[in-house]
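Morning, everyone. Please have the sequence and the model open while I talk. I'll go from the whole chain down to a few local details.

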Amino acid sequence: MPSRHRTARSYRSILGLLTGTTVLIVLGGLLFAAVLPWLSGRDIAVSVFRARESERTPDPEVIENIRNELDLPSNPIEGIQRFFVGFVHLDFGVSWVNPSNSAWNTVLAGFGPSVFLAGTATLLGTMIACALIWPRIYAYSQGRRSHAGLLSSAVLSSVPEFVLASLLISLIAIQLGYLPATGWDGLRYAILPVISLTIPISGMLSRILLIAVDTAATEPWVRTWLVNGIPGYRIRRSLIRRGFATLTPQIFLFFAGTLASTALVENIFSIPGIGRIAVQAATHQDVPVMQALLTLVLFIGVACGFLSRCIHYFMMRPIAQSHEAGLSHGQAHIDVGWVPPLMAIIPLVFALVVGSFRSSAITPTARLESPSLTHPLGTDQVGRDVLARMADGAIPTVGIALITTAVCVVIGVIIGLSGDWARVLGDTLNALPAVFIGLVIASVFGTSVWTAAVAVMAVGWIPIAAHCSALALDVRHQGHYKWARDSGAGRWRLLIVHTIPFVVPAALRHGATRLGHNILALAGLAFLGIGAGHDSPQWGTMLSEAAPYADRALWFALSPTCALILVGLSMTLLADHIVSRRRS
């Protein structure tokens, strides 16, 4: 009876924390959407004029006509009131670019294709992840270890979807002509976009499942069952149940995150989904459409985050109480050693060093030349040496990611130490990708390198904060912390002397693992034109410039593609090795 009472209280406390945090997130997100038109500091009528006529000089009479036509609010307070009244009726006003269409109907028109792409990719990614990890589960049930899924999961998760989409459209659609390149008119048009989304998802889900299965396989019950001759199928069934207790909640988060980040793939394949609508709204600074999109994505992300936490808790509880006693309190980590990450990064570094001594001057007579001894990676659309351009873009591509990651670590540590709510916040907001946040910010402030950086910072701190919050909770249960607290140590001493020295090193290592993700996120935003300006040597911008010439100069697109894949792969493997060595 006391145990049941404690369990009931535990349910109520967890549900209360989830509900309270979720309500605050929803209110905060809606408030941000409400003030979105005012963040630029300009008169809203001027913003509407800019959205419609970006080249003309504002005329006072035209501005006044726009204000009267749309009945625009005169101040932020009135704007917030109108937004919340409209939100209740799902009325976000009309599009600033096309006043004949309501913002909400514009968003709903693209909802179906995006849900189909995200749902299909998440389902197929889950199936591929299970297939990759199955040999590992079978080996554990026979008392053997296996390296199945180790490198494959790292490789698949390191391929950005926009890079893969560009590669598929160049090879399969343009070069071979097997499938349509763009459009949305039947299932044939969905094959390449779904593949582009599925491959990275399968890699990330397989890594989650691999770690969950490895953690379960190190627990005492597995050895006990093997020694006592328990049939292998029962061990496999238990390992699968443990793995899916961790994987199933993540599936909801991946669906929400994929739905919000389809912009890259939909823009490449010209699919009329909410991702492409978001790109168009950001490009033309169509704020009402972006407000409707932000509200929709916010509620989907919050709902999936809430379901994820609840499902994980209720799936793990019966496992913890079952005969599989001795659950591990730690977590297994992937480790492939130093050699694979070095093999991935050394060729790229060598090529970039060689390229730094080459000239990237414009040579109109050498446009789109194929690779040769004179130009090892060919030339671009204006005759510049691609290898030299790659070298020029290495520092801005990686340097901005380093600055962004450092800011994310600082913010993550501060918020992570502020309370347990950061973990719930992390699971809920993890579904909002940097690409979507970048589009929201660009719809107000326009496009720039720092728009992309702020977008990555806006979401990059979330997993670090959740990690720091969990570490701080562990520290508070350790003997040295309890002894200092019982001895009368104040709050600040407990924080500075007994908590921060244990949390900050882990946060720095976590930041190192996020560097590769941030590089790819910034490259994706640059590819959409949200980050670096036109003619920038950043690799994402180079890939965007190469896309129109894929049918006759495939090498132009392959160079930044391979560079981004190698950076993502090497960072992933190196971070795995650093974390694993630290755990050891």
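The protein chain has 24 helices and zero strands. Both are DSSP runs, numbered from the N terminus: helices are H or I with at least four residues, strands are E with at least two. This is a predicted model, so local features need pLDDT of at least 70 and side-chain atom pairs count only at pLDDT 80 or more, while totals for chains, interfaces and linings use all residues. Residues are numbered from 1 along each chain as its sequence is written, and side-chain values use heavy atoms, with hydrogens and water left out.

Of the 584 residues in the protein chain, 51% count as buried. Buried means under 20% relative accessible area, exposed means over 50%, and partly exposed is in between, with a 1.4 Å probe and protein chains only. Now contacts, meaning heavy atoms within 4.5 Å. Take those between residues at least 6 apart in sequence: 76% join residues at least 24 apart.

Next, helix α3, residues 60-70. Which of its residues are buried? They are I63, I66 and L70. These three cover an arc of only 60° around the axis, which puts them on the same side of α3. That arc is taken from the directions from the helix axis to the C-beta atoms. Helix α2 (44-52) is part of what covers them. On the face turned away from the buried side sit the exposed residues P60, E61 and N68. Just after α3, D71 takes a positive phi of about 50°.

On to A190. This residue lies in the loop between α8 (161-175) and α9. Buried or exposed? A190 counts as buried, because its relative accessibility is 4%. Leave aside its neighbours within four places in sequence, and A190 is in contact with F116, L117 and W184. T120 is 70 residues from A190 along the chain, yet their C-alpha atoms are separated by 9.8 Å.

Last, a helix pair. Helix α9 (residues 191-217) packs against helix α11 (residues 232-260) at an angle of about 150°, with the axes 9 Å apart. Axes are lines fitted to C-alpha atoms, for helices over the stretch in contact, and angles run from 0 to 180 degrees between N-to-C directions. The two are therefore roughly antiparallel: that label needs an angle over 145 degrees. Residues making the contact include L197 and I201 of α9, and F244 and L247 of α11.

Notes
Angles under 35 degrees count as roughly parallel, over 145 as roughly antiparallel, 65 to 115 as roughly perpendicular and the rest as oblique.
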